[in-house]
Amino acid sequence: MAEEDDTKIRILQSLRGKICEAKHLGLSSGPNRLRDLCTFCTISLDQEEVYRTKVYEKSVSPFFGEDFYFEIPRPFQCLSFYVYAKSMFLRDLPVGKVAIRKEDLYKYSGKENWFHLQPVDPHSEVQGKVHLEMKLNELITETGSVSQQLVVQCDQKKTKVKKKTSDPQFEETFYFEFQVTRSSSFKGKSQFQVEEEDIEKLEIKVELWNNGNLAQDVFLGETRVSVKILRNDHMHRAWYLLQPKGNGTKSKPDDLGSLRLNVTYTEDNVLPSACYTALRNLMLKSPDVKPISASAAHVLGDVCRESVGYEALLPVVRLLLHHNRLLPFLTAVAALELENTQEANTIFRGNSLATRCIDDMMKIVGRSYLSVTLKPVLNEIFESNKTCEIDPIKLREGDNVEVNKENLQGYVQKVFTSITQSSSSCPPLMCDVFRSLRQLASKRFPADPHVQYSAVSSFIFLRFFAVAVLSPHTFQLQSHHPDPEITRTLTLISKTIQSLGSWGSLSKNKLSSFKETYMYDFFKLFQEDECIEKVKKFLDEISSNVSKESNGVEDSFVLKEGEVHKRAQGRKRIGKKNFKKRWLRVTNQELSYHKQKGKEALCVIPVKNILGVEKLEESAFNRKNMFQVIHSEKPLYIQAGNCVEANSWIEVLSQVSRCNQGRLSAFHPSAYVSGSWLCCKEPNENAEGCKPCTATVLANIQLDIDCDRETERIFSFFSSNLSRLQKMEDACAGMSVYLGQQKEQEEYSAFTIQDPKETFRTINELRAVLEDLRAHHDLKGALTDEPGTIENPIVGKTV
C-alpha cells in the first residue's frame, strides 16, 4: 500500500453479497423466446463490468445463487446488475437491469430484496461527471441598456475533440449575452433576448459525446443547470453528475421480470494511523483482561450481537492476528464457552463468539491450506462431472444407483485421504489453537477420553473442510457456484466427510443415527475402524505439542489465474498487434502465462525475481486497467478486464513477492517507447524510476492486514450500537448496586457480565476513545477539499 499523507483520509470501498435468483424473465423486444435461451448476470460499476456469473440453463426463473466479494478501487456513482439472455448465433441480448445509486445502497444492506428489472436503454447508460465554472456578468451595451453576459462551457458551442481519454480536460470558455427586456432586436449570434417573466425557466444544458469518427457519435450523458442559481460577478464552481437523455424520463416499462439480490456496500473513511492508537491499544489489551468478558473485544461482540450477529468480530480477529495477539484471546473465549457447556457431545457445536472467532481465523490463515488439500480433487469433480445421486427418489431415468454409489465412494475416498494426509500443510496458528482447545476440553471433561478429539474435529472437519467442499466458490477454490448436479454431489461428499471426521459418530452404535436409509447403506462401505485410526492420527498431528518438521520445500498452490491481455515484451512501438490474449497464472512460487488455459507455459517468472508490481498510466498505451510486473528482464505489461480485476492481480502479486530481496524503491509509471520514458522523458532505458514504489511491509502473505482500516470498522460497529453499549453500562451499574442480578434479570441476560465493575471500567474507557476518534473524524471531514465538499460540491443525481 502506498505511503499516505498524514493529513489525508483514505476512502476504502468494498462490496459483497449474492445474486440469488430471477423470476418471470421476458425480453422487451425481438423474436426470441427467453425460455429457449440461457441466462447470466453481470455486475457493473457505472458502465464497467466487474463480475459475471456462469451461464445458466434455459429458464424464465433461473436460480443463480452466486456469492460475490470485491474491493472497489475507484469512485463510482451507480451499481448495476444486468440480466442477459445468451443466444447461440446472435449477440447476448439484454433482458433488463437493476441500477442502484451509491447513496441508496445503505437501504438494502445485508438484506435480500426483490428488484423489478428496468429496460436497458443506451441513452440511460451514463456515468461520470463534468466540472463547470459559470459566471453571470452585468454589461452596459452601446445603447446604454443593461445586458447579462453568461460565461460558461456548454453545448450551444462545441469544444475541441479530446482523443483517447476518459478524463478529458477541455479548459475552454464560451460567452453568451442576453438582455432582460421585451424588445425583439438581436445584436449577434451569441446574444439573445429573454422575457423577464421567463428568467426563472432559463437553464444551461451540457452534453458529453464520444466522437466516433466514421461511426455515429455516442451519447455519454448530460446535465442541466438553472441560471437562477447564479449571482452577478460571482463564479459558481461545481462537479455535476451526468444524467440520462432527457433526465431519464421514459414511459412505463414492460414487465421484464424481477431479480433477488443481497447487497452490502461498505465504505471506510480511514484516518491517519495516529488517530487510531488509543482504540487499537484498547482492543489489543483484550487478551490480558480478566475475566475475558470484560475486555473491549468481548464487549464489542456482545453489543453488536443483535444487529449484525458476530460480524463485528472479523475486524477484531484480523487486528489481533496481525499483532500476534489472537491465540491468547481465542484460548480465553473458548475457556469461557466451555464453562457453560454441560454435555461433552455438544462441545463447540453452537454459533457463539468463540466458534465465530475461530471460524474467521481458519478462513484467514487457512486459505492456502484449503487450496493445497482440496483444489486438485475438486477440479477433478467439476471436470469429470460423474453422476453420484444415491437417493432412490431423486434418481433420473437410466441412472444406475450402484454405479453412482461407486462414483461417490471414489470421490469421498479421495477427499478423505487428501485431508487426513495434509497435517504437514496445516498452518502453525491453527495447530496452536487446536492444541489449546484439546487441553481445555480434557480439563473440562476429564472423564471423557474422546472429548479432546471432538473439540478439534468439530472445527477442522465440520466448520472447515466440510463447509469448503460444500461451497468451494466461497473459499476461492472454484470461480463460480456449481451447477445443480455438482452441487448435489458436493452435498453428499460433505455430509459423508462430516460423519467420517466427527469423532462422536465414529462408533458402530452411531450408524443408526443416519436419518436417510441410503446414507446408512452408503456409510457402511467404509472400513470404520480404519477411518477412525486415520482421523485420530490426523487430529493428533495437527494438535500435537511437538513442532512439525519441515523439509524446506513448500507445496505449490495457485493463488489466482485468469485471462488477460499481455503486451509483447521489449517492443519499442505502440500498436494493437503488440497485445495478445493470454492465460495468466500466479502460484506461491511462480508467475506464468500461457496461450490458453491448460497449455504449456510460454513464459515462467519465478516469484523471487519480481522486483515490483505497480499500476501503469492509461496514457502509456491508451488502455485502461493496466499494470506492470517489474523483474530481472523486461517489464511485463498486462491489461486486466476491469478495474476490480486489475486491483486483485496487483494485490496478489504484491503480496506474494513482498519479501523478495532487492525490491525496487522507484519505478516508471509509464512505458519506454520511441527512445524515451513517456513519464519523465528520460532517454536511458535503464534509468532509475521517477516515482516512489508502493510501500511494502515484510509480512506473511496470509497476514496482509490493514490495521487502520480494521480499527475504523471496529469504531463504526461501536458507533452504530451506542444504545446497546449504554444498556450494557446500565446493566453493569445495576448489578454493582444490587450485588448481583436481582433486578431487571431480562435486561442483564442480553450480555455476558461476569465482573460488572471491570466491565463498567472497560465501557468507560471505550466511550472516551470513541469520542476522541469521532472528533478526529469531524475535524478531518471539515478540512478535506475533495470533490463533494462545500468548496467543491458534486451536484445532481444519477437515474
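**A tour from one loop to the cores**

Start at Leu616, in the loop between strand S20 (610–615) and strand S21 (626–631). Helices (H or I, at least four residues) and strands (E, at least two) are DSSP runs, numbered from the N terminus. You are looking at a predicted model, where local features need pLDDT of at least 70, side-chain atom pairs count only at pLDDT 80 or more, and totals for chains, interfaces and linings use all residues. Residues are numbered from 1 along each chain as its sequence is written, and side-chain values use heavy atoms, with hydrogens and water left out.

Stay on Leu616. Is Leu616 buried or exposed? Leu616 counts as buried, because its relative accessibility is 7%. Buried means under 20% relative accessible area, exposed over 50%, partly exposed in between (1.4 Å probe, protein chains only).

Next, select S4, S1, S15 and S7. In that order they form an open sheet of 4 strands with antiparallel pairing; two strands pair if DSSP finds at least two bridges between them. Strand S4 (63–72) and strand S7 (112–116) are at the edges with a single partner strand each, so one side of each has no neighbour in the sheet. From one strand to the next, the twist averages 25°.

Zoom in on S1 (residues 10–23): 8 bridges join S1 to S4. Pick Ile19, whose bridge partner in S4 is Glu66. Then show helix H15 (residues 707–719), which packs on the sheet and touches S1, S4 and strand S15 (258–270). The direction of H15 makes about 110° with that of S15. Axes are lines fitted to C-alpha atoms, for helices over the stretch in contact, and angles run from 0 to 180 degrees between N-to-C directions.

**The cores**

A nonpolar core is a set of buried Ala, Val, Leu, Ile, Met, Phe, Trp, Tyr and Cys residues joined through side-chain atoms within 4.5 Å. The largest has 115 residues; among those with the most contacts inside it are Met283, Met430 and Phe718. Which helix gives the most to this core? Helix H10 (residues 451–470) does, with 12 residues.

Finish on Met430. Not counting residues up to four places away in sequence, Met430 touches several residues, including Met361, Tyr369 and Phe464.

Terms used. Contact means heavy atoms within 4.5 Å.
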